[in-house]
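Let us take a walk through this model together, chain by chain and then residue by residue. Have the viewer open as you read.

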Amino acid sequence: MAELDLRRPVVRAEEPWRPAGRRRPGTLRARATWTGRGRLVAGLVALGLLVAGAVLIPWLGGLDQGAVDYAAVRQPPSLAHPFGTDAVGRDLFLRAFAGLGVSLTVAASCAVISTVIGTLYGAVSGLLGGWPDRLLMRAVDGVNAVPHLLLGIVIVALYRGSVLAVIASIGLTHWTTVARVVRSEVLSLRSRPFVDAAISGGASRRRVLGRHLLPAVVPPAVLSSVLILPHAVWHETALSFLGLGLPPHLASLGNILAEGRQAVLLGSWWIVVFPSVLLAATTLAVAGVAAWWRDRSRPRRRSELAL
Amino acid sequence: MITVRRVITVRFVPVAVVAALALLVGACAAPTAGPATDPASMVLADGYEPDDLNPLLGYGEEGASKLYDGLTALDADRQPQPNLAASAPVAAPDGLSWTVSLRPGVTFHDGTTFDAADVVATYRAVLDPAKAATVASGFPMLRDVVAVDPATVRFDLSSPFLLFPGRLTLPIVPAEQVAAPGPASDLALGTKPVGTGPYRLVEWRQGSSMVLEANPAYHGGTPAVRRITIVFATDDNTRAQRVVAGEFDGTVLPPALARGIAGQAQGMVLREHTSADYRTITMPFANPVTADPAIRQALNRAVNRQGMIDALLAGQGTPASTPVPPVLPEEVEPAAQFPFDPVAANALLDTAGWVRGADGVRSRGALPARFTLMYNPADTVRRDLAQAFASDARTIGVDVRLEGLGWDAIEPRMGADAVVLGGGNPFDTAFKSWQLLASANAADGFNNPGSYRNAAVDQALGAALAAPDRATRAAELRRFQLAYAADPGMVFLTFLGHSYLTRDRFDGYRPVVEPHTHGTTWGPWWNVERWTPRT
Amino acid sequence: MSTATVGRRRGREIGTLVAWRLGVAVPVVAVVATAVFLLAAWSPFDPIYQYFGAGVFSAGDAAIANARVQLGLDDSVWSQLGRWAGGLLSGDLGQSLSFRQPVSTVVGQRLPWTLLLVTVGLVVAVVISLVAGVTAAWRQGGWVDRGVTAVGHTLEGLPPFVLALGAIAVFAVAWPVLPVAGLTDAGAAPTVDQVTRHLVLPAVVLGVSQTPWLVLHVRSSLLGALDEDHVTGARARGLPERVVMLRHALPTALLPFVTVLGNRLPELVTGAVLVETVFSWPGIAAAVVTAALSVDFPLLAALTLLTTAAVLLGALLADVAVLVLDPRVSADG
């Protein structure tokens, strides 16, 4: 359940008691910044490796999605099959990485959808301000009040057998975090002197929007879409595991793991372990990026993130 | 300072409560012995829950329903024996009527007495179009039923039907239960069955479980297994998981899974039954690709049936080329079996003008050799067979797109898209083949869903059904198989082995060759009323 | 200010908060209901197939047309929506197609088991995260801290069903001391003993799957709290570290934890869907999957609304709890 922790809950209560800038010497802050940067690099490298693996390994290995091998059913890991084979004799090394690729592609599509919706929504909300802003943010609360997986299940159930439905079911339910981040960014920019200066200098509304606000909003929006990735992967696997996601013959981490229930009973541990490791590795890699992002944004935008 | 302390104490209360609760849960969680089981009761798990228990809608059509009895019942050698009939049905010399004398002194679960009126009412309800009984398709030869006297009925047929006693397994229900006008689906029988069977229904929690209790008035004597609880768990893995945990006295499992866990499930025996239960890929005639004779011929030669059986079914199954199962050797035509021969399959397609494209997929003119195969993903055997079929089809350049769908979604599309279909029985293969492949049954639900039409097949099957004796019947059946193989309307893959785990605690088990219907009606428990708990 | 005045003001604040939240909740639920209905109305799925089931093939065109009229399927989407909403308001949730029972019966039978599972799961999650979080923060940078953080981040990446599979591998196969499926042993009555034994694995898996965020949160907010003046003050007075930690720092850190708990309810429901499915727990969350697989719209819609309401209620309860527990927070809605 990789809920993004962008809205790191902030202790409203403690603010009045905390003298600004006072820290215990040599504690968390300094260390966190360092490890944050370290984790960013490690996370990016790991993510790069995973993506490269997902693209290259099935291609180099000549993966044939549809081919089954009657002679190699449920074989434990070996030199020929480093991750073993599944119930119909397909090589899991190729299939797991192909599955990671499929899952990441689905997740990336979802992330793009979420980011576009979230950015537009957040920007509009932030720019309008006042009661429209409050209303729009209440609507976000409403979307958040429906458990994402449940809403996803409803969408997928009604539009069965469609990959688009899977993508839409995830994309349409995860834009709220992006919307919040973008909105707070816009709100804080609006109050900055350079925006005031531009406006009082006679710049048009559109020019302010295009030249000052948009460029500032894009980086956090892009970052938060990266942060959505593991959650989207997670969702795809959960839907497929429940038999509601991608068609079972298509390689995806969720579909491979869906076979896991049987595999566990038959002692074919490799069918569960390797895809799970890939899944966890993806989340950990992105978590590295997320940690850096939190550390970077914490001092400056702390109160704004606590919406 | 005092106030702060008080606040802190208050704040700690919930934490303490939580911790205490957790400890409590932990303490309760200590494993204890399972429930004391009554030796005369049995808990089974079934992967399929009937929609309804109305015999007019198909429940217990082939006997072994536990709740109902037919006039005849099939024995371990698949021969009809008198059940509610007092003796074997007698045919008139012209074969156009059968007379059945009824067993005296039988009562229904509701206490009413069984007589000829009930038999007549049941069969007339089947024939009544207003009842829309789905089992009606099983009685195309039946014209009318009349009560000769309270203990004798006569069935009048429109054409001779040699194996008619085998069709009399249809459960008999009280006349008053089917008296109400309107469709059969509105009858109370669906949820409150009344029969003469060895067990009566005590409770049915739909979606969860069913409890059956021995019928003390059963004409065969009160069953020694007094109580049967049937738990419905549609997911194969769930049943496997729970049977390993020792929760069930028996369940049905896919062959590979059953073998895999047989060693872990203590006190259970693995029962593997042969069956006439085929799995076939339909080739709908409304689809230009699957309607092409060359494609159908080629696919039949491209599938590695034995490979599928060994790899996916743990060897439990026999290759199928036609609906006639090898357990009936006298009816099987050896020349109608398709060999595994991808080279010949490719040659067939080449000759027919299906040209391989750059992507390996063949096409003829603008038509690519591509079709959709639907399967129900909840059934792992069908899922695996679908994937294997698609893989084999690709080797000869036919692109099979798979779609895992629920039955609700599959049914409306069966006319145009292929589906992994199951069915079959070892009692009357001629009739089963007629239902599945005769043009008279085209697009009638799951009967001939692909609307296969073949005049030679129709003719041979008609002759087999009307045959005056077994030898002629078998000869006509073999002629049917040759006609079918010359222009196959489906791709039969395998006759499935049925695998079960049952607790080794009862005597009376007899192996049986099963129809498609299995689980807890057929299966090892087909004669459970004659089982006795071991002491 | 006397305690009584504070109490009265607190009561008023809570009242305002509850009223305001309920005022927001009603339109939210209404919007969700409309959205779900429209999703269904515009989907390719035709309810007529559900009505007839397999009989749709034997049914004549006239019968089908008649049923369409009876069911009002040819009316405009909006009048169908109105009828459905009217039914909901009058308490008629419709008939579940997959369970062949009224939706209200399905919910009534299954909701208690889900509540039990979710509550115990939450308790497990809270206990584990408090113990692990406090230990980690106490020895910040030590091996316990690193271990907890690493395990937390790894668990973050694993969906609950992977944990469940692991639990099954252990308890169904290797070490069969706990039942791995169902509410009771098959055929047994749901006694306290039975249910408790069957509850252990699902609840622990659900709890553990929720732990990572909570642990990491407890740890970081404890570290934050350790910086605070009253904690520093306590240290300066020479109180033992244990007392400082548990009596001074932890209470400060616990308040935001309550809010986090309330906000995690959707994730808990999501986890319950997966856990109930894997462990065949006969709860409402597993019914979601059954309903989805057979396109049982009445049940799906009812469950969506139910969980939405539950999530809103959870957030409200958490906020009220914070108000009650912390004198410094003022209710700003």
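The report below goes from whole chains to sheets, the core, and a few individual residues.

**The chains as a whole**

Please keep in mind that this is a predicted model. Chain A has 11 helices and zero strands, and its elements read α-α-α-α-α-α-α-α-α-α-α from the N terminus on. Chain B has 13 helices and 24 strands. The radius of gyration of chain B is 27 Å, close to the 24 Å that the globule rule gives for 535 residues, so chain B is as compact as a globular protein of that length. Along the principal axes, the C-alpha atoms of chain B fill a box of roughly 95 × 75 × 45 Å.

Here are chains A and B side by side.

| Chain | Residues | Buried | Contacts joining residues at least 24 apart |
|---|---|---|---|
| Chain A | 307 residues | 51% | 72% |
| Chain B | 535 residues | 52% | 71% |

**Where chain A meets chain C**

The contact between these two chains draws 53 residues from chain A and 59 residues from chain C. On the chain A side, the elements giving two or more residues are α3 (130–145), α4 (148–158), α8 (205–241), α10 (260–266) and α11 (270–305). Of these, α4(A) supplies the largest share, with nine residues. Sorted by class, the side of chain A that touches chain C has 34 nonpolar, nine polar and 10 charged residues.

**Strands in chain B**

One open sheet in chain B has four strands in the order β4-β5-β7-β6, with antiparallel pairing. Its edges are β4 (90–91) and β6 (142–149); each has a single partner strand, so one side of each is left without a neighbour in the sheet. The partner of β6(B) is β7 (residues 152–157), and six bridges join the two in the antiparallel sense. To find this pairing in the viewer, look for B:Val145, which stands opposite B:Phe155 in β7(B).

**The nonpolar core**

B:Leu373 turns up again in the core. The largest nonpolar core has 331 residues, and those touching the most other members are A:Val154, B:Leu373, B:Phe389 and C:Ala164. In soluble globular proteins, nonpolar side chains tend to be buried together.

Which residues is B:Phe389 in contact with, leaving aside its neighbours within four places in sequence? They are B:Ile281, B:Val303, B:Leu373, B:Val400 and B:Leu493.

C:Ala164 is among the buried residues of helix α7(C), which also include C:Phe161, C:Val162, C:Leu163, C:Leu165 and C:Ile168. Helix α7 (residues 160–174) of chain C has 15 residues and reaches 20 Å from its first C-alpha to its last, close to the 21 Å expected at 1.5 Å a residue.

In chain C, C:His217 has its place in helix α8 (residues 192–226). Is C:His217 buried or exposed? C:His217 is buried, because 23 other C-beta atoms lie within 10 Å.

Most residues other than glycine have a negative phi. B:Ala64 is not a glycine, yet has a positive phi of about 60 degrees. This alanine, B:Ala64, lies in the loop between β1 (41–46) and β2 (72–74) of chain B, and counts as buried because it has 25 C-beta neighbours inside 10 Å.

B:Ser451, also not a glycine, has a positive phi of about 55 degrees. B:Ser451 is found in the loop between α11 (429–437) and α12 (455–465) of chain B. With 19 C-beta neighbours inside 10 Å, B:Ser451 counts as partly exposed.

Conventions. Residues are numbered from 1 along each chain as its sequence is written. Chains are lettered from A and ligands numbered from 1 in the order in which they are written. This is a predicted model: local features need pLDDT of at least 70, side-chain atom pairs count only at pLDDT 80 or more; totals for chains, interfaces and linings use all residues. Two residues are in contact if their C-beta atoms, placed from the backbone, lie within 7 Å. Ala, Val, Leu, Ile, Met, Phe, Trp, Tyr, Cys and Pro count as nonpolar, Asp, Glu, Lys and Arg as charged, and the others, Gly among them, as polar. A nonpolar core is a set of buried Ala, Val, Leu, Ile, Met, Phe, Trp, Tyr and Cys residues joined through C-beta atoms within 7 Å. A residue is buried if 20 or more other C-beta atoms lie within 10 Å of its own, exposed if 12 or fewer, and partly exposed in between; C-beta atoms are placed from the backbone. The expected span of a helix is 1.5 Å times one less than its number of residues. The radius of gyration is taken over C-alpha atoms; the globule rule is 2.2 Å times the number of residues to the power 0.38. Two strands pair if DSSP finds at least two bridges between them.
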